[in-house]
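Please read them with the structure open.

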Amino acid sequence: MGYLTIMEAFLLSLQAAIVIPIVISTAGLMKKGRNGIFPAFFTFAMMSMFLSALYCLIFCIVRPEERMPFAVDEIAECAMLLLVSAGLEALSSKRKKWMPRAFLFTILYMSASIALWIAWSGEWVQDILFGLPYVYLAYLLIRGLEYVRAWDTDGERIFAAVMSTVILLMQTVMLLITSETAQNFLNLGSYAIAHGITAWLLWKNYRSLRDKSYGEKTLYLSITVFLWTILVTYVSDGIYYNVALAINTMTIPIIWIAVKRLRGEADGAEEGMENP
Amino acid sequence: MIYAENVLICITVPLVIALMFLQGSARRFVASFLAGMAACLLAAYVGGYVELVSGLGAEDTAIFLSPIIEEIMKLLPVLFYLMLFEPKDVELLLVAVGIGTGFATFENCCYVLSNGAQSLAYVLIRGSVVGVMHLVSMVALSVGLHLLKQYKVFTISGIIGALSLAMTFHATYNLLVSKQGITTYVGYALPLLGALILYPQTYRYLGKKEERRPPA
């Protein structure tokens, strides 16, 4: 078992260990009502994530040097994304507004991402099928970030769109060129930009939590950084994959804090209605 | 080679006749037991087809793809029952348990017929581990579906979520026992541990629900 596999196994066990208390905690937040539905979906999503991490961990231990074929961890991940999406849909049920700009960007961006996944793995049916929940969640997040006014300026939004597209372009060029030096350069460049965006999103999350922004804004920002870090793991290899996985694990407690804040706001509103 | 269809006919005929003499919960259980056995046969057909199409070997198909196929096949009758009859919590659990045990029984019958039943250790493992694993995954699935209904999140995403829990549990067991060593024993312990955890939780929860229900 190589050091990368040991590191991955450690990170997966850490992820599983972090998710267990979150499942227990959010299960207590499950209530009927608009803001209570999200914790219900989120609890199920975290259970799926826990089992997916556990499955990958066992695979690392039982078959350390093998490449995992199509297995249930992908279905569990897919279910997790669908459950989070369904929770967000329920949360924004009162303002289901069609946003063509967000939809177009999501379709173009995620189609290009899926095309790259296919180019890397060759598993085109699987990548298209399991790419769909990513498209759905990405659209809900881009739309939701607009609703909650998560971008401080228009420049921020354009910056995020341009930089994430630059990563895709760099990864595409890497497939077309043969020079190893240029490939390494582009690879390092795309990692730097990807982690730069992650750091910036984490900073926005920190500000949102510190400034006591309302729960929905914090929730959308935290799920955005969570999804982004999942996408970063897909463009990463070797040690970079483990770094991306570690950062992805770090984002889970941020969502949990946002869910707790959201639930707290709902409880406060209910109390306010009872004692006007 | 065994003729699984013939085995199914042999086991089901007395049970089908028994349905005429049963009523209520007993009838529901036997019917779901039969549905579980039929689901097992269909899962074997689909599994054989997927093995050919996927290009994975028989062993890898059994480890990685069978849990997906089998759990989908077990989910379908439960979902059908849930949507058509809108059962109470206890009834849903009863049907899920019936399907799980039916599936496990038929699978065990076929394995024992093809591999022999001379070794008591082998028979014990098949009965108390594989059989219990199908049962536990079905109980977990029915509890998951019930929770989705309770919190009014019974959507496609929710159903896929509950199904993925059952699939991952099943696949984890298959993966653990796929290689000889300490992981095999962990795998053998997993279904029994699952049953021990689920048993008090499920009945405590159902008991509370019954207490809360107003008297008729």
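1. A residue is called buried here if 20 or more other C-beta atoms lie within 10 Å of its own, exposed if 12 or fewer, and partly exposed in between, with C-beta atoms placed from the backbone. The model is predicted: local features need pLDDT of at least 70, side-chain atom pairs count only at pLDDT 80 or more, and totals for chains, interfaces and linings use all residues. Residues are numbered from 1 along each chain as its sequence is written, while chains are lettered from A and ligands numbered from 1 in the order in which they are written.

2. A:R149 is exposed, with 9 other C-beta atoms within 10 Å. Its phi is positive, about 55°, although A:R149 is not a glycine. Most residues other than glycine have a negative phi. A:R149 sits in the loop between α5 (124-147) and α6 (154-176) of chain A; helices (H or I, at least four residues) are DSSP runs, as are strands (E, at least two), numbered from the N terminus.

3. B:E86, not a glycine either, has a positive phi of about 40°. B:E86 belongs to the loop between α3 (58-85) and α4 (89-115) of chain B. B:E86 is exposed, with 10 other C-beta atoms within 10 Å.

4. Chain B contains 7 helices and 0 strands. The C-alpha atoms of chain B fill a box of roughly 55 × 40 × 35 Å along the principal axes. Buried residues make up 37% of the 216 residues in chain B.

5. Helix α7 of chain A (residues 180-210) has 31 residues and spans 44 Å from first C-alpha to last, close to the 45 Å expected; the expected span is 1.5 Å times one less than the number of residues. Buried residues of α7(A) include A:L186, A:S190, A:A194, A:I197 and A:L201. An α-helix has 3.6 residues a turn, so residues three or four places apart point the same way.

6. The contact between the chains takes 28 residues from chain A and 25 residues from chain B, two residues being in contact if their C-beta atoms, placed from the backbone, lie within 7 Å. On the chain A side, α2 (34-62) and α3 (72-91) each supply at least two residues, and α2(A) gives the most, with 15 residues.
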